[in-house]
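Subject: Handover of a structure

Dear colleague,

Please find the structure below, followed by notes on what was found in it.

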Amino acid sequence: MAERFTSSSGPPSDAERPRELLRRGDAGYDEARRIWNGMIDRQPAFIARCSNVDDVAKAIAFARAKGLPISVRGGDHSAAGAAVCEGGVMIDLAPMQGLEIDPARRVARVEPGLRWKQVDEATQAHGLATTGGTVSDTGVAGLTLGGGLGWLAGRYGLTCDNLLAAEVVTADGAHLRASETENADLFWALRGGGGNFGVVTAFELQLHSVGPTIYGGMVAHPIDRAAEVLRFYRDFCASNPDEMNTACAMMTTPDGAKIIAIAACHCGSLEDGEEALRPIKQFGSPVVDQMGAMPYLALQTALDGAFPRGRRYYWKSALVTQLRDEMIERMPEQFVTAPSPHTLFLLQQIGNAANRVPADATAFAHRDARWDALVLTGWEDPSEDAQQVAWSRQVHQSWKPFCSDASYTNALSGEDSDADVRSSYGSAYRRLAEIKARYDPANVFRMNANIKPVGATAS
Ligand SMILES: Cc1cc2nc3c(=O)[nH]c(=O)nc-3n(C[C@H](O)[C@H](O)[C@H](O)COP(=O)(O)OP(=O)(O)OC[C@H]3O[C@@H](n4cnc5c(N)ncnc54)[C@H](O)[C@@H]3O)c2cc1C
């Protein structure tokens with residue numbers, strides 16, 4: 001492994017030097033700095049490949065000693081590109097892939113380099129699962145820390161609601177455990193407050209009996225029926241059972257047809273699932289019906305193909321408490337003008353159980369939001385960057401009167417204002433800022449949806 005120190009400040013001492021440091025030109029450097037969003041092309045001064053807690057602590061100390069900014073890479077799916085910094089130290093957790101499952105206690109201990117595919121496959125081998133992302137190569141770490149929306153959230157809450165404990169290396173190098181009974185303030189903050197408080201080196205997640213076969217999938221209608229489908233979908237979601245969670249998306253098929261799809265997962269019995277999802281199948285005249293009994297693992301990977309790694313992406317999110325008629329009319333009209341066949345409008349249901357958690361129980365405060373509305377655009381040609389970004393921003397702007405002020409923290413776009421970031425944390429922000437001041441007063445962890453420590457004058 002190449003380790004060269006050309007910095008004018010000279011080589012760091014052994015005490016502060018991480019074991020595996022990559023610099024520009026080293027084998028593996030370009031691979032490690034590339035992330036899911038191909039539009040992000042940043043060059044860290046150092047990439048610290050971390051295999052254990054000691055590596056993480058050394059990487060933090062090294063960056064601080066050199067006065068360099070830090071970014072933290074979990075599963076690298078932040079569309080904003082928060083995993084990689086320009087000219088700083090990227091703490092790369094990809095080598096931390098440990099996974100232990102205790103089927104008796106129904107608990108998984110997950111290290112932060114893992115993605116949902118690995119966790120889902122391992123837990124399903126025991127007939128277990130926890131709420132996870134709907135695209136299987138999304139990282140467990142960032143998704144959990146920002147909330148975690150998924151198919152099981154109607155019954156089991158968000159991913160962060162299933163976090164039982166976390167191990168964290170803080171800015172001063174301390175290795176702490178956070179749970180309801182240990183560092184409880186930190187534990188509260190980690191469940192929705194993102195990567196602001198330190199580097200999480202292990203997550204303990206509550207598992208539940210799920211599948212292995214569930215009833216779910218999707219049905220699709222032509223886009224010219226979109227307003228009726230959306231009205232039906234809104235009414236249907238007013239009373240869907242906890243076992244079910246849903247999403248509704250407008251997209252373009254590979255052969256160029258614009259469609260609106262309703263997707264759902266029912267994690268109860270197959271009979272109950274079939275009955276509960278029947279109204280979706282029977283509504284209108286779907287052009288596609290792929291709803292039925294299927295492995296939970298198949299549902300968890302069904303959307304993977306729509307989000308290939310390395311494509312250029314931009315997205316904006318708005319949380320929705322009430323799906324208003326104006327939004328229902330507007331979305332289809334806008335969607336047909338999308339400048340890319342890879343544009344997606346998505347309404348992802350938050351989930352009944354997630355909605356019932358009190359707003360102050362965790363740092364994910366938006367418990368009254370029923371959906372995350374997302375405009376997500378993907379394209380291949382860099383010359384389209386400005387046009388694609390501008391179109392998405394314009395769409396998002398036009399949704400604002402019908403949505404809450406807040407975006408889902410995990411779906412911020414990276415160039416958000418301080419007010420946008422604050423509103424993404426909602427009523428949790430003040431307490432988060434106090435806890436930030438306790439655990440990271442110098443705002444060492446700021447390449448994220450940043451919470452300014454109380455008392456800080458600048459980031
Ligand atoms: C295709 C796609 C599908 C998605 N689907 C869903 C979905 O169904 N539900 C949902 O809720 N979200 C979804 N998301 C959003 C997802 O939650 C965020 O992109 C999340 O940030 C991904 O986490 P990551 O670890 O992969 O990302 P990274 O880019 O590695 O990290 C994201 C943020 O978390 C911080 N971070 C990462 N690891 C750690 C750690 N160990 N300790 C401290 N901070 C850390 C990073 O510094 C960064 O700020 C999706 C995203 C994509 C791209």
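Around the ligand there are 36 residues, of which Gly74, Gly75, Gly139, Gly142 and Gly195 come nearest, where a residue is near a molecule if its C-beta atom, placed from the backbone, lies within 6 Å of it. Strand S3 (70-73), H4 and strand S10 (199-206) are the elements that give two or more residues to this shell, and H4 gives the most, with five residues; helices (H or I, at least four residues) and strands (E, at least two) are DSSP runs, numbered from the N terminus. By residue class the shell around the ligand divides into 16 nonpolar, 18 polar and two charged residues, with Ala, Val, Leu, Ile, Met, Phe, Trp, Tyr, Cys and Pro counted as nonpolar, Asp, Glu, Lys and Arg as charged, and the others, Gly among them, as polar.

Please keep in mind that this is a predicted model, in which local features need pLDDT of at least 70 and side-chain atom pairs count only at pLDDT 80 or more, while totals for chains, interfaces and linings use all residues. Residues are numbered from 1 along each chain as its sequence is written.

The protein chain is assigned domain 1 (16-92), domain 2 (99-209) and domain 3 (213-411), with bounds that come from an automatic or database domain assignment. The centres of domain 2 and domain 3, taken over C-alpha atoms, are separated by 24 Å. Their contact takes 32 residues from domain 2 and 28 residues from domain 3, two residues being in contact if their C-beta atoms, placed from the backbone, lie within 7 Å. On the side of domain 2 that touches domain 3, helix H3 (116-124), helix H4 (140-146), helix H5 (153-156) and helix H6 (184-190) are the elements that give two or more residues, and H3 gives the most, with five residues. The residues of that side divide into 13 nonpolar, twelve polar and seven charged.

Turning to the sheets, seven strands form an open sheet with antiparallel pairing, in the order S15-S12-S14-S13-S17-S18-S16, where two strands pair if DSSP finds at least two bridges between them. Strand S15 (288-295) and strand S16 (312-320) are the edge strands, each pairing on one side only. Within this order, strand S13 (residues 244-252) and strand S14 (residues 258-266) pair in the antiparallel sense over nine bridges, and Met251 has Ile259 in S14 as its bridge partner. Elsewhere, strand S5 (residues 99-102) and strand S6 (residues 107-110) pair in the antiparallel sense over four bridges, and in their hairpin, which has four residues between the strands, Arg106 takes a positive phi near 60°.

The peptide bond from Gly211 to Pro212 is cis, with omega near 10°, and Pro212 lies in the loop between strand S11 (208-209) and strand S12 (213-222). Asn183, in the loop between strand S9 (175-179) and H6, has a phi near 45°, a positive value in a residue other than glycine. Asn183 counts as buried because it has 22 C-beta neighbours inside 10 Å, the classes being buried if 20 or more other C-beta atoms lie within 10 Å of a residue's own, exposed if 12 or fewer, and partly exposed in between, with C-beta atoms placed from the backbone. Asn443, found in the segment after helix H14 (429-439), also has a positive phi, of about 55°, but counts as partly exposed, with 17 C-beta neighbours inside 10 Å.

With best regards
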